Every structure is written in C-alpha cells, then in structure tokens.
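This report describes a two-chain model in terms of its folds, its packing and selected residues. The sequence and structure are shown first, and the description follows.

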Amino acid sequence: MTTKSIDIGTAAMTASSAKTYTAWSRLLRVLKDLLANPSSGFGLVVIAILLVTALVAPWIAPYEPNMINLAKALQPPSTAHLFGTDELGRDVLSRIIHGSRISLTIITIVSVIVGPLGLLVGTTAGYFGGWYDTVMMRITDIFLSFPSLILSLAFVAALGASLENAIIAIGLTAWPPIARLARAETLTFRNADYISASRMQGASKLRIIIKSIMPMCLPSVLVRVTLSMATVILTAAGLGFLGLGAQPPLPEWGAMIATGRRYMLDNWWLVAFPGGAILLVSLAFNLLGDGLRDALDPKQGH
Amino acid sequence: MNNARFSAFGRQAGTILVTLIGLLILTFCIGRLMPVDPVRAIVGEEADRATYEMVAERIGANLPLYQQFFKYVSDLLHGDFGVSIRTGQPVINDILHVMPATIELATFAIIVGAGLGIPLGILAAVRRNKPVDHVIRFLTLIGHSMPIFWTGMIGLIVFYAALDLVGGGGRVSDYYIGLVPETTGFLLIDSILAGDWEVFWDAVNHLLLPASILGYSSMAYITRMTRSFMLDQLNQEYVTTARVKGLSKSRTIWHHAFANIRVQLVTIVALAYGSLLEGAVLIETVFSWPGFGQYITNNMLVGDMNAVMTCVLLVGVIFIGLNLLSDALYKIFDPRTR
C-alpha cells in the first residue's frame, strides 16, 4: 500500500520533471535558433547587455549619475568622460548606464501589465463570445483608434506627469492589440477536438481557458509583446522628452534629450548618445520580435 | 439598394455610433480625471465662495456625473467645444488656426514617404533576399526604431548648425513672420498668392528637414507593407504564366502585379497619413512648428482641460474617419467587392 503510493508519487514527479525538461529544452532550442540568425542574435545580445548593465549599473558607471561638477560642465567626449558631460558637469555615460534601469523598469512593468491583461481579455472574449465579446471588442476598437503616443499623452495629462503615471498610461494603451490577437487565436482553437474532450470530461470554463487555451495563445502573444516593447520604449522616451514622463534629474533617456536640447547646437553629445541608446534598444526588440516569430512559427517545422 | 446591403450598412453605422459614444466617454473621463478644477480655472484663485458657486452652477460643475456627460455631449452637438483656458479663445478656433501648419507638414511628409516607400518596397520584393533587399530592410528597420524627436535634433545639428543647408526652427525665418497676409493659413499657398517668392523659398527651406524626417518614419511602414503585398502577388501563378507567355519582367511587375496591389497601397497610405499626427506631436516640438501637435502638447503641459478633451476627440475622429475612408476606397476600387 505504502510502496504503491510512493510509486505513484515518483511517477507523478518524473512526469512533471519530464514536462519541465521538455519546456526547458524547447526554450534552449528557441534561444539557439535566435542566436544562429545574425539579426535576432544581435537583438538578443543587446537586450542581454541592457539587462546586465541595469543590474550592475552602480559598479560599472564611472561616476555618480547625479554628481554635479560645474567646473567640468559641457565637456566634449574625452578619455575621462567618454560621452562628455552635461550642463551641470554630470557624466553622460554614467547617466545613460543608470538610465538603463529606468528603461528596464518600464519594459518589465508594462509587459507584466499588458501581456496577462491582453491574454485574459482576448481569450475570455473569444471563448465566451456573445455580448461580452462585443463589448470588449468595441472597447479595444476605441483604444485602437488612437496613435499610442497621443492616448498616453492624454492619460498622463489626466493623471499628472511622472514616471509612474507614464508607465500606467503606456500600459493602458498597449493591451488592446494583444487582446485582439489572443481573441483571434482563441477563435481558431475554440471548436478543436481537444477542447471538446476536456469540456466533456467536465472541466469548468475557467479551467479550459487557463489550461487549454492560454498556453496555445502564448507563443504569438509573446512575439507580439516583444515587438510592442519597441513601441513602448519609443513612447516612454517621447513622453520623457515632452516633459510628461520621467522628470529631471532622473537619468531617463528621453528626459536627458529634453534637457540637452537647449545646448545641442554646440554640444551634440548631449542628445546624440542618449538617443543612440534608445534607437539601439528599440531596434533590438524589433529584431528579436521578428526572430521569435520565425523561431516559434509552427509552420516552419522542426 | 437591396436588403442585405441595407442591413450591412445599418450594422456599420451602428458600429460607428457605438465607437463614437465610447470615444466621448473616454474623452469625458480624461477631462474629469484631470487634476484641474474647471471652476477655479475660470474664476481664479481669489474668487469668493458666492462667485465660485455661481460659476459652478452656470457651467454645470455641481451636477451629478452622468448629467455632466449629457451636457458635454449636447454642447458638442451644438458645436460648442468650450473655451481654452490658456488662450482664452474657443478651442475650435484655435485648432482651425493651427491645423494648416500641420497639414502642410504632413502632406510633404507623405509625399516623401509614399514617393520613396512604394518604389523601394517593390524593388525589395523583386530582388528578394538579394543585397538590395537587405539594405532596404535595414533602412526601414532604422526608420521604425528611431526616436523621431532625436532624429530631428541630429538633423538640426548636422544640416542647420554644421552645414547651414536648411532653415532652423519655425515655419519661416523670424524676419519673415507676418509679411504675408494670412488667406488660407497654408504658408506656401499664401506666399504664392501674395507673389512673395522670397518668403515661399524660405518656407520651403524650413519645411524640408522636418517633413523629410517625418516622411522617413512613414516610409519605413509603407516600404514594409508594399514589399509584403508585392511578394504575395509575385508568388502567384499568373505572374509565372505572364513570364512564360513572353511578357517582359518589367511589364509583368508594373502592369500585372503592381496593378493588383494599388488598392491596398491607397489604404495603407491613407492610414500612414493619419499616423503622421503622432510623429507630428514630437517633430513640431523639436522644430518649434506652430501646428496641431505643439498645440496638444502645450495644453497638456498646463492642463487646459477643454482643449485637451477636444484635441483627443478630434484625433480619435480623424482615425475612425480614415479607417472608414480606407474601407470605402477598398470597396470602390476593388471590383470584387462591388
């Protein structure tokens, strides 16, 4: 009796560890595919660098990001200050390095809000159908009838200008395309045999959505979220630039460009480097998203 | 008009109506969320309680929320969009005043964007996976990923400060401002009407850089879409048939494949034209361009409620309109949907 229950226990454990194993090996294979392709590999490497930079920013930044040194204001790039100094003598490179933390925070929080929210709205709308579907899709229509920057601007104007509100505003505007996508995917699975099978076994609607539908939508949602991160980076920087996002002295890249603008005609490095950082990260997400689409596309076959 | 068509029309009208009402609810919510007391904004900080309440009564600020919403909608239906707190003018007059500058900018931008984007997209599709295709893909990716306000600044640093090839900020140089009587609001047209070619060329010189940068960002989108439409066509059998039958390559591409994607291209360009509004918000700030984008930003910075609500509503309506327009164009030009 006891041995048997242990047996079942071990069997269950091996089954679940086998499942984790296949998930991991699949992830590794996708990563390998991404690295093999030069463009998505470049994207992946840039994002990895961003991640590491953000983690170890205080140790690798040559100076304190907010250390004011008026004697050294507006110095062009040199060996002491690789990216030069700004109007208060702060080291531009150190500020960009610390700014990576802000960018990473924005990306992380927005994807944590947007991915699950879009997935939830899309799958439930697609599975339940009826008036709930109609209402949800009309709401996404309204959100989609705005360019994302203008809608985020409006939300920030309503909530007040700050980094937190900028993140909320971007989150509010970025979920509808994902919900649209998840709904479309759900509609293709809804009448599949394996869903009917699990319904006949007595699975609740919620269980079907979470266990059977969401995992199927996950790959395309992941691609979409990655691609939208490029837009998120640009929108956040745009808000910072207009003075409606992160506020100085925070070393947010867009806000750095906004303050550098006054001095830019004689001091190009104040805007060139932070903008270059934005371009690089946004480009990386676009490349990675394209690569992910190819790697996860089941039609390509493995 | 038969029955099925009529009901399809009714359904579409219903959808538009619901979307518009949703849009109104959204702008209303944005207005109410704003940390600005509309009554205080009118009476000022020093007003006594009696004045405050009188004004509150007059503008309906003390009504329950749903009645305020109905008042908002009925005001809009009567053409009353409120008065801007910042400029003291009716919002709608302000917008009409700034719109020509943005339209001038966006029109030049779309000429650049479509004029370059469509040929490049076709070229990329025809030379698929060849070096040209890769170069074009790289260019469009950069256009897609660049922060447009940054590109604008780099453009100013290089072409204005260093090379002195183009004008700086604004629509014309400072000493030309107000020289030409404002007839249409479109500076290029006004200066031609006035026969003042000096102002005209100065205005062109100022328009060149912001319009090209704005155009580059929409070129990225147009090229990508043209390429994928064109690839769809080139992979079809009729293209092979045309080639086998002895038609030249260029004739097959232009007379057959391109002819089939014209409708899709028109709708794409219409949507891209609308999306320029987004870039205009940033580019106008960089170039001190006195247009709609800068008007939105300034109002948001000071929390000018009526102006913000109207601008957001207008952008939403423009986008819904463009979507409808592109649907309609599709129906008119595509014989299969007739």
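## Thr310 of chain B and its surroundings

Apart from residues up to four places away in sequence, Thr310(B) touches Phe81(B), Gly82(B), Val91(B) and Ile95(B). The model in which these contacts occur is a predicted one. Thr310(B) lies in helix α13 of chain B. This residue has 24 other C-beta atoms within 10 Å, and Thr310(B) is therefore buried. Between Thr310(B) and Ala61(B), which are 249 residues apart along the chain, the C-alpha atoms are separated by 18 Å.

## The two chains

Chain A contains ten helices and zero strands, and chain B contains 13 helices and zero strands. The pattern of chain A along the sequence is accordingly written α-α-α-α-α-α-α-α-α-α. The table sets out further values for each chain.

| Chain | Span of the C-alpha trace along the principal axes | Buried residues |
|---|---|---|
| Chain A | about 80 × 50 × 40 Å | 45% of 302 residues |
| Chain B | about 90 × 65 × 40 Å | 37% of 338 residues |

Contacts between residues at least 6 apart in sequence were also examined in chain A, where 69% of them join residues at least 24 apart. In chain B, residues 24 or more positions apart account for 70% of the contacts with a separation of 6 or more.

## Contact between the chains

In the contact between the chains, 37 residues of chain B meet 37 residues of chain A. On the side of chain B that touches chain A, at least two residues each are supplied by α1 (3-33), α6 (131-145), α7 (148-162), α11 (249-286), α12 (292-302) and α13 (305-333) of chain B. The element that gives the most to this side is α1(B), with seven residues. Classified by residue type, the side of chain B that touches chain A has 27 nonpolar, nine polar and one charged residues.

## The largest nonpolar core

The largest nonpolar core comprises 158 residues, and those with the most contacts inside it are Leu153(A), Ala154(A), Ile233(A), Ile283(B) and Val308(B). Helix α8 (residues 205-242) of chain A provides the largest share of this core, namely 17 residues. Which residues does Ile233(A) contact, leaving aside its neighbours within four places in sequence? They are Ser103(A), Ile107(A), Ile278(A), Val281(A), Ser282(A) and Phe285(A).

## Two helix pairs

Two packed helices are described by the angle between their axes and the distance between the axes. One pair from each chain is considered here.

In chain B, helix α8 (residues 187-194) and helix α9 (residues 197-234) have axes 8 Å apart and pack at an angle of about 165°. Because of this angle, α8(B) is roughly antiparallel to α9(B). The crossing in which α8(B) passes α9(B) is left-handed. From α8(B), the residues making the contact are Leu187(B), Leu188(B), Ser191(B) and Ile192(B), and from α9(B) they are Val199(B), Phe200(B) and Ala203(B). This contact of α8(B) with α9(B) has six nonpolar, one polar and no charged residues.

In chain A, the axes of helix α3 (residues 92-128) and helix α4 (residues 130-144) come within 7 Å and cross at roughly 140°. The helices α3(A) and α4(A) are therefore oblique to each other. Their crossing, that of α3(A) and α4(A), is left-handed. Here Val121(A), Ala125(A) and Phe128(A) of α3(A) meet Gly130(A), Tyr132(A), Asp133(A), Met136(A) and Met137(A) of α4(A). The contact of α3(A) with α4(A) divides by class into six nonpolar, one polar and one charged residues.

## Backbone features in loops

The peptide bond from Pro248(A) to Pro249(A) is cis, with omega near 10°. Pro249(A) is found in the loop between α8 and α9 (253-260) of chain A.

Leu74(A) is not a glycine, yet has a positive phi of about 50°. The loop between α2 (38-60) and α3 of chain A holds Leu74(A). Because Leu74(A) has 16 C-beta neighbours inside 10 Å, this residue counts as partly exposed.

Asn129(B), likewise a residue other than glycine, has a positive phi near 65°. The position of Asn129(B) is in the loop between α5 (91-126) and α6 of chain B. Is Asn129(B) buried or exposed? With 9 C-beta neighbours inside 10 Å, Asn129(B) counts as exposed.

Terms used
Residues are numbered from 1 along each chain as its sequence is written. Chains are lettered from A and ligands numbered from 1 in the order in which they are written. This is a predicted model: local features need pLDDT of at least 70, side-chain atom pairs count only at pLDDT 80 or more; totals for chains, interfaces and linings use all residues. Axes are lines fitted to C-alpha atoms, for helices over the stretch in contact, and angles run from 0 to 180 degrees between N-to-C directions. Helices (H or I, at least four residues) and strands (E, at least two) are DSSP runs, numbered from the N terminus. Angles under 35 degrees count as roughly parallel, over 145 as roughly antiparallel, 65 to 115 as roughly perpendicular and the rest as oblique. A crossing is left-handed if the near helix is turned anticlockwise from the far one by less than a right angle, and right-handed if clockwise. Two residues are in contact if their C-beta atoms, placed from the backbone, lie within 7 Å. Ala, Val, Leu, Ile, Met, Phe, Trp, Tyr, Cys and Pro count as nonpolar, Asp, Glu, Lys and Arg as charged, and the others, Gly among them, as polar. A nonpolar core is a set of buried Ala, Val, Leu, Ile, Met, Phe, Trp, Tyr and Cys residues joined through C-beta atoms within 7 Å. A residue is buried if 20 or more other C-beta atoms lie within 10 Å of its own, exposed if 12 or fewer, and partly exposed in between; C-beta atoms are placed from the backbone.
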